[in-house]
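I am opening a notebook page on this chain and will write down what I looked up, entry by entry. The sequence and the model come first.

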Amino acid sequence: MESNIKYIGVGRSGEGLIIATYGNDRNLRDTPRNELQGILMNESDGEWRTRVGSEYGTWFAKGDSNKICYLVLARNGYPDRYATALLDELERMFTNQGTDVLLTCPADAYTKVMGGELRNLAMKYEDLRNIDKLYTVNSQVLEVQNIAQAGIQQVLRNTEAAEVVAAKAQSLEGNARVFQNDSKRLERMMYWRKVKINCILIFVVIAIILYIIIPIIITQSNK
């Protein structure tokens, strides 16, 4: 039965230097190595992706800005989205080793060192049914994450609105206290003003009474 993932390789473009390879199809052994090296001989700048036909299947390739190339040979008709996902995962795997190391290491420096990881990667993308399940689960996880993020954003908006309402309530409460204090102050002022007026009225009444009574008393005394 034809393998879905036949060959995986990493190398430096322009030099034709192979950093690591893994052959997943026993019938091919290391036959695609020459094709891989030929692709790596092409000079390229910046990030890029491409597909190249082969008598063994289809090469999917991508390169980064450091001229490190990541390639996979898959059977004809292998879904592009899965090949792209494989290459992205392959890139992350080797980027973790350090760009400087990848730019200076000798040929096949990581073929044995990363052999186990490359084999696991090939096996992961070999079974399309499992990939579909993983893709479905990942999509569901992403959907849940998006819903959770939307919920968090709504909570944050509600929190901000609550804070605004609370601030307005505090402002109104402060204004009410000021009004209450001003009312009490005005009440005290009115009270003392009333006391003063009453005192003046009492003084006037007493003065009038004395004005009337004193002459009468004096007149009676003279008699």
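Entry 1, terms and ground rules. I call a residue buried when its relative accessible area is under 20%, exposed when it is over 50%, and partly exposed in between, using a 1.4 Å probe and protein chains only. By that cut-off Ser 3 is buried, with a relative accessible area of 12%. I note that this is a predicted model, in which local features need pLDDT of at least 70, side-chain atom pairs count only at pLDDT 80 or more, and totals for chains, interfaces and linings use all residues. Residues are numbered from 1 along each chain as its sequence is written, and side-chain values use heavy atoms, with hydrogens and water left out.

I looked up pLDDT, the predictor's confidence in each residue on a scale from 0 to 100, and the chain averages 86, with 94% of the residues scoring at least 70. Confidence is lowest in α5, at a mean of 77, and highest in β5, at 96.

Taking helices (H or I, at least four residues) and strands (E, at least two) as DSSP runs numbered from the N terminus, I find five helices and five strands in the chain. Along the sequence they follow the pattern β-β-α-β-β-β-α-α-α-α. The C-alpha trace spans about 160 × 40 × 25 Å along its principal axes. The radius of gyration, taken over C-alpha atoms, is compared with a globule rule of 2.2 Å times the number of residues to the power 0.38; a compact globule of 223 residues would have a value near 17 Å, but the chain has 46 Å. Of the 223 residues, 29% count as buried.

Strand β1 (residues 5-12) is joined to the antiparallel β2 by six bridges; in β2, Tyr 22 is the bridge partner of Ile 8, and Ile 18 stands opposite Gly 11. The hairpin of these two strands has four residues between them, and there Gly 14 takes a positive phi near 90°. I also noted that six of the seven residues of β2 are buried, so the strand is largely enclosed by the rest of the structure.

Seven bridges join β5 to β1, and six join it to β4. Ala 74, in this strand, stands opposite Ile 5 and counts as buried at 1% relative accessibility. With contact meaning heavy atoms within 4.5 Å, and not counting residues up to four places away in sequence, Ala 74 touches residues including Asn 4, Tyr 56 and Phe 60. Ala 74 and Ile 213 are 139 residues apart in sequence and 131 Å apart in space, C-alpha to C-alpha.

I took a nonpolar core as a set of buried Ala, Val, Leu, Ile, Met, Phe, Trp, Tyr and Cys residues joined through side-chain atoms within 4.5 Å. The largest has 30 residues, and Ile 5, Ile 8 and Leu 90 are among those with the most contacts inside it. β1, β2, β5, α2 (80-95), α4 (115-126) and α5 (128-222) each supply at least two residues of this core, and α2 gives the most, with seven. A second, separate core of 12 residues includes Ile 18, Leu 28, Leu 40 and Leu 71.

Key:
Two strands pair if DSSP finds at least two bridges between them.
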